[in-house]
Amino acid sequence: MEEKHPFVRDIFPDLVAELAALLEDEGEHGLAVHVRDIRLVAECGCGDDFCQSLRTGHHLPERPFGEGHRCVELSPSTGMLVLDVVDERIAYIEVLGRPPMPRRGAER
Ligand SMILES: [Zn+2]
């Protein structure tokens with residue numbers, strides 16, 4: 001199947017680097033590798049100022065995720081980063097209360 005969604009690392013390289021480091025800190029080595037290969041399916045779009053959450057893994061179910069789901073809460077220096085992981089794939093990245101993320105390849 002052709003994959004049209006961009007890699008998250010191509011759009012938000014700083015975020016992916018931070019997530020990889022934080023996942024290593026949590027001992028989540030598998031996810032720290034996987035996070036470099038996830039693709040951006042959609043941005044949250046809820047319109048809340050504090051929310052820059054990203055949907056990844058479009059082969060995965062949307063909320064509620066159901067079986068095989070776990071949350072991985074990270075400890076960034078600012079705000080909150082929480083991963084929704086389904087069967088060890090990252091389905092959603094909750095990015096809350098963080099400064100606007102630098103975006104590569106777009107002006108917004
Ligand atoms: Zn949101």
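Helices (H or I, at least four residues) and strands (E, at least two) are DSSP runs, numbered from the N terminus.

Ground rules next. This is a predicted model, where local features need pLDDT of at least 70, side-chain atom pairs count only at pLDDT 80 or more, and totals for chains, interfaces and linings use all residues. Residues are numbered from 1 along each chain as its sequence is written, and side-chain values use heavy atoms, with hydrogens and water left out.

Now the overall numbers. The protein has 108 residues, and 41% of them count as buried. Buried is under 20% relative accessible area, exposed is over 50%, and partly exposed is in between, with a 1.4 Å probe and protein chains only.

On to the metal. Which residues hold the zinc ion? Cys 44, Cys 46 and Cys 51 coordinate it, each through SG, at 2.1 to 2.2 Å. Along the chain, the donors are spaced C-x1-C-x4-C. Donors here are N, O and S atoms within 2.8 Å of the metal (3.2 Å for Na, K and Ca); water is not among the atoms, so sites may look incomplete. Is Cys 51 buried or exposed? Cys 51 is buried, because its relative accessibility is 16%. Cys 46 is at 42%, so it counts as partly exposed.

Next, the sheet. Strands count as paired if DSSP finds at least two bridges between them. Start with E5, residues 89–96. E5 is mostly covered, with 6 of its 8 residues buried. Strand E4, residues 80–86, runs antiparallel to E5, with 7 bridges. In that pairing, Met 80 faces Leu 96. The E4–E5 hairpin has 2 residues between the strands, and Asp 87 takes a positive phi near 50 degrees.

E5 also pairs with E2, residues 54–56. Those two are antiparallel, joined by 2 bridges. Here Leu 54 is opposite Ile 93.

Back to E4. Strand E3, residues 69–73, is antiparallel to E4 through 5 bridges. Glu 73 has Val 82 in E4 as its bridge partner. The E3–E4 hairpin has 6 residues between the strands; in it, Gly 79 has a positive phi near 65 degrees.

Glu 28 lies between helix H2 (13–25) and helix H3 (29–34). Glu 28 is buried, because its relative accessible area is 17%. Leaving out residues up to four places away in sequence, Glu 28 touches Leu 23, Arg 70 and Val 72.

Last, the rings. How many aromatic pairs does a search of the whole structure find? The count is 0. A pair needs ring centres of Phe, Tyr or Trp (its six-membered ring) within 6.5 Å; planes under 30 degrees apart are stacked, over 60 edge-to-face, the rest tilted. Phe 7 does have charges over its ring. The charged end of Arg 9 sits there, 3.9 Å from the ring centre. The charged end of Arg 39 also sits over Phe 7, at 3.9 Å from the centre. The test is NZ of Lys or CZ of Arg within 6 Å of the ring centre and within 35 degrees of the ring normal.

Note on methods
Contact means heavy atoms within 4.5 Å.
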